[in-house]
Structures are given as C-alpha cells and as structure tokens.
Amino acid sequence: MSSSALVTNPFGLPRDPRNVAGYVAPVDVINAILFQNSDALFAYKSFSDPALLHAALQKWAAEQPSSFYQELDIRSGAGLAPLGYLSNTSAKNATIVSPGYALPYFHDSLSSLKNVLLNVGALNYDQTSGSITNDYLTPLNVASQYNYNVITPINNNELQKTTLLSLALTKFGVNTINLFDGVSSTKTILPVNANEIVQDSQEILNKLTKLISTPTPSFDCVLDKFNQLTGWKLHNFQYFGSETAETVFITYGTLESELFQSIINENSNLGLISIRIPLPFDLEKFVQQIPTTTKNLVVIGQSVNDQSPSDLKSKVSAALFYHGNRSINVADFIYEPNFIWSNAAVNKIISAYTSTTINTTKDQDGNLNVIYWNDDKNENLDLTSRISVSAAASTSETFVNLRTKFDNITNAGTFQAQLTISPSASSIISNIDVADASILGNVQLLKGLNILTTLKDHAHLIVQSPKDLAELDLVKDINAYVKNLSLPFSFLQSIIERGVQFTLINTTANDSRLNSIVTQAVFWDQVAKLSLPEIVTKIVAGNADWELNNDELLQTLDAAFNDEHQIVKVDLDNLSKLIVEEQESIAKEAATAAAEEKEEEQEEPTVLPSFLIETGFGPNNSTVAEPQQIQSTTKSEIAKILSFKDAYGVANELRPDLPVENFVVKVKENRRVTNDDYDRYIFHIEFDITGTGLKYDIGEALGIHARNNQEKVREFLQYYGLNENDIVLVPSKEDRNVLEARTTLQAFTENLDLFGKPPKRFYEALTEFATDETEKNKLNELISAAGSVELKKFQDVEYYTYADIFELFPSARPQLHDLVSIIAPLKRREYSIASSQRVHPNEVHLLIVVVDWIDNKGRKRFGQASKFISDLTVGSELVVSVKPSVMKLPPSPLQPVIMSGLGTGLAPFKAIVEEKLWQKQQGYEIGEVYLYLGSRHKREEYLYGELWEAYKDAGIITHIGAAFSRDQPQKIYIQDRIKESLVDLKKAFIDNNGSFYLCGPTWPVPDITKALQDILQADADERGVKVDLEAAIEELKEDSRYILEVY
C-alpha cells in the first residue's frame, strides 16, 4: 500500500520554516511562526497520530537545532516538565504545543506558567460515536478557569497572524492560548504563501517591544498596539454582511466562521459576527457589532451532549442584558463537537432561521469536486494524491484542496479523500456534499455507505470492478451488476433516477500501478474532458516517482480506451430497461408469495450514512480480538486461577462490567411513609456513605444495582435442574474482554434478569433449543408477524417472565452457558436523590414507591428493584452509582424556585429546599420558593408534609400549594393550585427570572405547561406585546428555566 504520508500529504512537509509556500497543511503555517519565535518548544503527543500537531516542528528541530525541542506524553502533571526546564534556563519565549483534550492534565502547572504560549489544537475523541471531534469546549473551559486569553482564527488565511498575535501577548506576560481547529488544519492540504509574515515575524515582535513601554500592559493595550503596527485589524469580533440586517448569525471556530462567511457575503439581507477572541468576551465590543436594525441573533453554539443553552448563547444574552437591549430575540443552534460541517449544513441552518432562499447546488466559480472511496488497505489509496499533484503541476491558474479521512469501523477500515480543483485559491476546508465525480475503489463499501447522496445529479461515477468484465453480460443480465459485481439494486435504481454517468474499470488483469494509471486517465478523460495527449502530460506530472515514458504511456492508455472490456461506459438506457424488467419480475413473485402468506413481515429499509465518520488518522491495524466465550468451569479451575493471579490477569474490582464509578453503601434507615392500610407502599430510605468518596449534586439520581429474590432463584434452579454451586465464566456486557467468575446462584441472583419480561429476540433464540415439535411451532408462531398480537399478550397482559417461559416450553432447555447468554442482564434502576449533600454530608436519601400489580393468575407481582430496596434492613450493603442530571439550581440564590410534583416526584424538591436552607445559613439572601404538590389524599399521602410545613415556618418555603384530588367532592389538581397564584408566580418567574421544575409522571405535563403559558401571557398582556407561547416554552426549556424530570 502507498505510504500514509503520500496518501494524506503528497506535497510533503515544508523543508524550511522560513519558506512556507505552496501546498501545505494549515498547521504548518502556525508551526513556522512558532519555530521562528520560540527559544524552547514542548510538544505533547496526540492519539492515533502522535506528531499530528507538531510533525513540522519535529522535522525542523532535528535539522536546525537552534531551539530547545522536547516531545512529551500526556499524563497527570502535564506542563511540569516545561516549568522545570524554564525555571533553570534563560529561555524567554517558550511554546507548548498540545491537543485540547490534554489541557485538564495541566491543572498543576497552568497557574505557574509565565510567558509561555499554549498552542492548542481543538481535538478530542467521542467515546459514544467513536469519532474524532473538533472540541473547542474543553480548552475554553480550562482557559476560563485559569484566566487565560484565547485567540482563534476566523479563517485559514489569518492563521499566521493570529499565531503571531498570541506570541505577542505572551511576550508581554498576558497568559494566552492560540486555539485552532486541530482536525481540519492537520488533515487538509491547500495553497498557502506565508513567507512574508513568517520572515518578518521577529521584526514585528521587536518593533512591538519598542512601541509598548508599559512593563505589564493589559490585553487590550497589546492588541491595539499590535493592530496599529501591522494594520491587520485582528479585533475581538468581525462583522460580515449587510449593515441593515435583521437576522445576524454568530459563529465561533475557524471552519464554522469560514462557511458562514462564504454564504452570508452572497446574501445581502443577512449579517454575521465571527468571534476571534472568545476570552475575554468583551460584552461592550460585541454589542457594538450588532446593526441597529437587528431583530434576531442566531448563536451557532458548540455544546457537549446537545445541552442547551450553549455557553456562547449565555454570553450573548448577558451582553444584551447588561446593555439594556431586550428587544432582540436570541436563538441557539446547538451542535456537538462531532457535527459534520458542510455548505449544505450551513444552508439548512440559515434556511431554518430566515426566509432567505439559498441555492444549495450552486457551482462555486468553476470548482471541480471529487470524492474518492476505498478500503483503507488498498494499494491505490494515493490515487487522489497523484491527481492533486497532476492538477497543481500543470498551471499556475489551477489550485487544489485535499482533505483525507480514515474510518476504522465501517467495513473494518474505510478511506475517503475529498479533492477540489479550482481556478482560484481557497482556504475553506469544508466537507464536499455536492461532488462532480466520485471514484469507488471497493464495492463492498456500498453495504455501509450511501456514496450517491454526496454526488450531483448527472455527475460522474467511476467504479473499479472486482470481476473481469469480459466474463459478464452487462447488456442482458441485471445479475451481472447485482450478484457478480455486488452493486445493490437500489444503488442502480438511484443511478438511473439521477442520471449519473456510470463507468466501470476492469482491475482484474492489471497490477495496482496500472490500475491507478487507468483510473486517473478515466477521470481526466470523462470528468475533466481532456484529450489523450493532455492526459498523458497530467499523469506523467503527477506520478514522477514512477518514471513513466510518455510514448509508452500513450500507447497503453490508447489500448485501454479502445478495449471494450477494460473501460465500460454503462448505457443508462439499457440499464434502466434491465431494472424495469427486474422490478416486474419481483412484483410478480411478490404477488404469488402474498397469495400463499398474506402477512409476511416487511423490514424497514436501512438508511445508510452519507458522510464518513472520522475515527482515526490512519488505517485500521486490523487486529480484531475474538470476544471471550461464555463457558462453564470448575472449582479446581477457579482455585488455580486465584492461586496464580498475575499469570491469569486476575483483578478484584467493584462491578467491572459497569462504565460508571460505583460505591458500596449501607442502609441507615428504611421506613414506610404511607399508612399500613394504604394501597400504595411508599418508603423513605437513607444510606450511609461515610468514607466511600461518593459525591452528588442537586437533581442527580442514585443508580441501584438490585438483586433477584434468592429464594425464588433457588426454586427456579431446582426446577431447571441446575447446581447452584457450579461456576460459570460470563463476559461482561460492557466489555467482552472482562470475564466474571460467578456461581450459578450468583449469576441468576445478581447478573441475570430472570424475573423480567423477555423481548422478542429471546423467543427467537429459544426456538433453536425446543425439542418438542409442538413447542417449536408455537415459538415460531410467536416470533412471526401473525403471532405478534399473542406475543404482545405474553409480554404486557400475562407478564410472563423468563422463568415462566421455561415452564411453558419445558422441552426448551439451553445449557448453562447458553442460558446466561440469552437471558438479559439486570439493569440498574435510578431514583432521584432526595437530599442535599451540603446538609447531609454522609448520607443520601431516596423516596420510592413499590411497584405492584396482580397478574392474570392472581399472583401479586412486584417491580424487581423497588421491592428489593423496600426489603433492605438497616446495615445491609449494596452497590450504587450516581447519574448526572439536567436539573440544576439557578446561578443566583436570589432567583426564585417554583417546584411542582406528584407522588415520589417530590424527592428532588426535598433536596432543593435543603439546599436553600443551607444557602440561608451561609448568609445568602434567597429568593422565593414555591412548592406545588399533588396526591389523592392528604391523610395517606402528604409525603414529607411535616418537613414542608416546618420549612415554611422557617421562612425557606414561600408558599405551599397542595392539591389532594379526592379529599373533596370536586377534583382539585396541581394545575388548579398554580392558577390560584398566577400574580405571584408572574412576579417570581418573569420579573425575578425564576426557574420552574416539574417532576413525577408525564400526564400533568400539558396542564402544567398551559398554566405556565398563562403566566407568560399575563406578562405579555401587561407589556402590550404579542408572544408565541409555544416558542416561548421551548426557549425556557433551552435556557434551563423550565425543567422536566418526568417518567
């Protein structure tokens, strides 16, 4: 296979840091400025590609050791090595290069690092999607915590300028982070000429030193003098678009800003504010950028886990608030760090917030966009790199832009290259979403990707055939395409519908070099429309390492173009005819099948992704470990393993199968809070967490890992014929490489949901084990479309458990190792925490109702977790974990809190009231606290009633609105109590910026929301304005002022 360096950067690293011109990665422009102006350089390695952010620095330092250079690993205490070095040397200008995800490891050193520039690439890895992300949030949070200023370029053309500005600020003792796009800037190659600034950079810094006489100048002072000296106008914010715009977008991030700039500059009725300096966020300067005609601001805000509002929106809202501008509506488009940016994505965002019509398929000034797809082991991965060199070498009026990606998951390794050939130089490094041509090197990729979505109508598709085309009848047989070439029927249909010009290349008879040459030739012929002599010139220029002979190449290509089995331009009319014939045949077969079986279950078509998910910076290493198999074992085998722990890799861990931190706690108190004769068993339970290290916050939930009733488990094991002392090794459900050694009794008590409701896949698996023909037929019927109603009855009417099903189908007897595989694992259950740790530092409280019902056999059934917890005695130990929540108290203790809840939904409100008590005890002035609660009867279910009354008497709770629906002839519900206080609630919620919380079952949500809308409408009427109540409610949710925790 081609070398990775040639695949991703065919032009190589710049040889001289003072000569950064031609085709380079944007990060190399940054590194050239750093190398010229740093006495000491410390580079921290990145994942997947250790030298990702500093490869050029590494090269230059080895060849020109004029500056101190050291490469370091990321670990706790990062930054201490540079700190130690600098404290013992005379180096004045030092730089640390680091990926953004590493900054939290610098906590021990950031407050001590002086005159050291942090050059940071926004980079992280998303565990959920497995993708590499452009994460600005992590470094921004660390910068904010340690009072660092942050500079980020708003386009790639100013990379060298913002880097030099960052160096200037650092030189004068202003702590600064130069934060840039760590993904696109390293994996994109584009035309650059940074020589003038690189060569003049030292002189600029020297002149600035003479211009600033103050020994400790402020940030603004250095910024103003720098702009005055250079004339570059690198201000905190930059405005683009119409000066009379009514809708203005706000962006942060290089790629984000560039894409919006390219579109908004073409639409005179829109505006854009691009943020260059996010920290310090100058509120006054920001407001000055907003046109007086503006009615709407749309913040394009990055957020983790899609949480709203983004930090950027909060700052924008604060700027408007403090400058008294409350007439402008602020909207928030939230995107996560793994969002895939493209022109189409920006067009959709703009269209969603404005009435502006944008042509999403507009050609950009003669650009030719090409996407190349292949598996990452193919020998021709450098195909587009060679085309890039060919295009760039031919004329000074042609420019190329190359972006490469690796997906180590799809097809066990997929490569994509995006190439733009343009008549003008461009710094934009967007994803291509409307390509003029696509080249497919491996048809197997079509199983996991929809490559046609990113292709224009009537564009070119070049496919390298895995079969000898001479042996296929492409004119008469549709199976030549579908079966022999593995091209999906739907794929072929889409080609016809969209008029895609489809060419097949026979790759079976040639070596990899000739296949590359022929594919390049087809591209230049069909897409670029060049003559054969012109094609030869291009290929020779782009493949200099192959030392091709022009005359021989001309003969080879002429033969290939004239060989009807080497290059096949598919006749779309003929292909369309074959597709129609196949469709008619399928319809006829379907009609016949329908007559035999009318209710055949139809599968939903799979929607394949259009964009590659970037999961690594190089090919998949292809070493896939086989998951450990479930197996039975013996006591003697376990004894041997325990005797030789190191040899067998044995570790003692608390619930190693779970991805969260776990704690062992003890029951301190467990008491029923409803009367013994009441039909609902609700109990309050307290756990002692002394010495466990467990920490929790307001609104969070406690995850409890409940166990099955051991007596019932023993009954099942005896019935099934299993020895409870036999040992089984079970792979963890979270990590198949972790084996848990359990006795059969332990496995069925603590691991398996034996008394839970089986899903359909369990019945499917059980079918294989049924030996009785009648039972097997019954199981097959249950999992068929015809048996769906009865299966639903099994699950939701009879409430059959796994144990019940084994009794119903006694011939189905999987072995122990199969049982632990097909029975679902017990899941932790989460309950809202009913205490504040500030008030109860060594306790955690819960309020739980025992779930129970009578099944069709007259048996009283219980919810597995709630029953288990209710039966716990004082001193019992169990494993727990903490789950974060979106429920947070308002930032200021003065902001009112309005709470409404039913039943055990009151649990988090006890925690909130206790927190308000603590705030008052610390001397804070607290805002109003309104509590609305509901249940059927006060006598039986006034949960925590004495506490609420005591807190009201103590001045913590302002008002209690209790609705006991069945204590009087007319039903009174919680929303009725809220409506009785509309005037007071309007003042608390609207005037004093309060927050509203609703917890408990979902059914009151519409009524509570309506009551909240009444409050909003009353305020609008008072101010004489119109309000969109639906939109207002959604905005309150986004701003975390209307918080729902319902189930």
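1. In this predicted model, about 360 Å² is buried between domain 2 and domain 4, and carbon and sulfur atoms give 24% of that area.

2. One salt bridge is found across the interface of domain 2 and domain 4. K313 and D1039 form a salt bridge through their side chains, with an N to O distance of 3.0 Å.

3. An open sheet is built from six strands in the order β29-β26-β33-β24-β25-β30, with antiparallel pairing. Its edge strands, each of which pairs on one side only, are β29 (829-832) and β30 (843-849), and the twist from one strand to the next averages 40°.

4. Within that sheet, strand β25 (residues 682-688) runs antiparallel to β30 and is joined to it by seven bridges; I685 has L846 of β30 standing opposite.

5. N269 sits in the loop that connects α10 (254-264) with β13 (270-275). Because its relative accessible area is 41%, N269 counts as partly exposed. Leaving aside residues up to four places away in sequence, N269 touches S242, A245, E246 and T356, and the C-alpha atoms of N269 and E243 are 8.6 Å apart in space although the two residues are 26 residues apart in sequence.

Technical notes
Residues numbered from 1 in each chain as written. Predicted model: local features only at pLDDT ≥ 70, side-chain atom pairs only at ≥ 80, totals over all residues. Heavy atoms only, no water. Helix = DSSP H or I, 4+ residues; strand = E, 2+ residues; numbered from the N terminus. Buried < 20%, exposed > 50% of the residue type's maximum accessible area, 1.4 Å probe, protein only. Contact = heavy atoms within 4.5 Å. Pairing = 2+ DSSP bridges. Axes fitted to C-alpha atoms, helices over the stretch in contact; angles between N-to-C directions. Buried area = accessible area lost by both parts, 1.4 Å probe. Salt bridge = Lys/Arg side-chain N within 4 Å of Asp/Glu carboxyl O.
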